[in-house]
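Thanks for coming. I will walk through one structure, starting with the whole chain and ending with single residues. Please keep the model open while I talk.

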Amino acid sequence: MTVILNEVKQAMNIIEQGQLGSKPASTLFLLGKYYRQKEHLDMSHTIDKLHAFMQQNDKKYNPALWEDMIEDISKKAAKYPLREINFIGVTQNELDEIEKLQNIKYQTLLFTMLCYAKLYNTISENNNGWVNTSIPELYRTARITVKYRNDKFLILNEMEKTGLISFSNKNDNLNLRVPFVDMHGESILKIHDFRELGYEYLKHTGNGIFIRCSLCDRLVRRTGQNTHYCSDCKQQRRLETKRSWWKNHD
């Protein structure tokens with residue numbers, strides 16, 4: 001699941017741009033939290049707001065099919081605090097530790113783990129460098145692929161030997177810890193977006209040419225075909241163009 005650092009800002013963007021997204025239920029839950037906690041709406045007014053948002057942004061919307069979910073979201077939305085983190089900062093000491101690994105793939109993976117560890121340290125002062133993220137999610141966000149599934153664990157085992165990461169002592173716990181987290185040093189690199197942590201590191205090191213999507217600000221590797229948009233936004237623009245064409249030729 002994609003981590004949103006500043007849920008307040010994200011909710012405001014969703015409302016302004018009418019972005020339902022590929023996971024409408026997740027979008028509605030975020031908006032429900034925003035309406036309950038930032039606009040201080042009660043449950044009934046939140047329900048009305050969510051129905052209105054769906055009606056405006058989903059032409060196939062059927063209120064009866066969403067009624068129970070929207071009511072449940074509106075009820076629970078007040079219980080889960082909105083995250084409002086502007087950035088996760090990375091210090092020079094942390095970057096120096098990462099560079100002790102000679103393999104750029106390992107560096108990118110360790111950087112990704114560090115960002116998650118710092119995020120959860122920010123959320124909880126008792127986190128103590130634990131990553132709290134599944135191994136498949138770490139590899140996906142780091143943009144690292146392996147030929148065989150077991151290769152993921154082989155890489156992590158090699159990294160553990162360096163002392164730069166450690167596993168939980170519990171046999172049934174695959175959580176990882178980054179021991180060199182620095183929560184007090186000056187931020188040399190500020191991470192505002194967790195969708196492409198691997199690309200964020202490669203951009204910082206100069207490995208590749210990257211751009212940010214003009215619509216969603218996602219970091220993408222630049223090619224001759226994506227000078228402005230990420231693949232998702234490019235597809236969205238194509239659909240909007242088609243809808244506009246059909247509307248004008250009805």
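**The chain as a whole**

Of the 250 residues in the chain, 40% are buried. Buried means under 20% relative accessible area, exposed means over 50%, and partly exposed is in between, with a 1.4 Å probe and protein chains only.

Before going on, a word on where this comes from. This is a predicted model, where local features need pLDDT of at least 70 and side-chain atom pairs count only at pLDDT 80 or more, while totals for chains, interfaces and linings use all residues. Residues are numbered from 1 along each chain as its sequence is written, and side-chain values use heavy atoms, with hydrogens and water left out.

The secondary structure comes to 10 helices and 6 strands. These are DSSP runs, numbered from the N terminus: helices are H or I with at least four residues, strands are E with at least two. Along the principal axes, the C-alpha atoms fill a box of roughly 60 × 45 × 35 Å.

Now contacts, meaning heavy atoms within 4.5 Å. Among those with a separation of 6 or more, 59% join residues 24 or more positions apart.

**The cores**

Next, the inside. A nonpolar core is a set of buried Ala, Val, Leu, Ile, Met, Phe, Trp, Tyr and Cys residues joined through side-chain atoms within 4.5 Å. The largest one has 39 residues, and those with the most contacts inside it include Leu109, Leu156 and Phe194. Which elements give two or more residues to this core? They are strand 1 (88–91), helix 5 (92–98), helix 6 (104–123), helix 7, helix 8 (150–161), strand 4 (187–191) and helix 9 (197–205). Helix 6 gives the most, with 10 residues.

Apart from this core lies another, of 19 residues, among them Val8, Ile14, Leu20 and Leu30.

Back to Phe194. Leaving aside its neighbours within four places in sequence, Phe194 is in contact with Val3, Leu5, Ile88, Cys115, Tyr116, Leu119 and Thr141.

**Helix 2**

Leu30 is also one of the buried residues of helix 2, along with Thr27, Leu28, Leu31, Gly32, Lys33, Tyr34 and Tyr35. What do the buried residues of helix 2 pack against? Their partners are helix 1 (7–17), helix 3 (43–57) and helix 4 (63–76).

Helix 2 covers residues 24–37, which is 14 residues, and reaches 20 Å from its first C-alpha to its last, close to the 20 Å expected at 1.5 Å a residue. That expected span is 1.5 Å times one less than the number of residues.

Helix 7 spans residues 135–142 and holds Tyr139. Is Tyr139 buried or exposed? Tyr139 is buried, because its relative accessible area is 2%. By contrast, Tyr139 and Leu65 are 74 residues apart in sequence and 36 Å apart in space, C-alpha to C-alpha.

Asn132 sits in the loop between helix 6 and helix 7; its phi is near 55 degrees, a positive value in a residue other than glycine. Asn132 is partly exposed, with a relative accessible area of 36%. Arg143 is found in the loop between helix 7 and helix 8, and phi of Arg143 is near 60 degrees, again positive in a residue other than glycine. Arg143 is partly exposed, with a relative accessible area of 47%.
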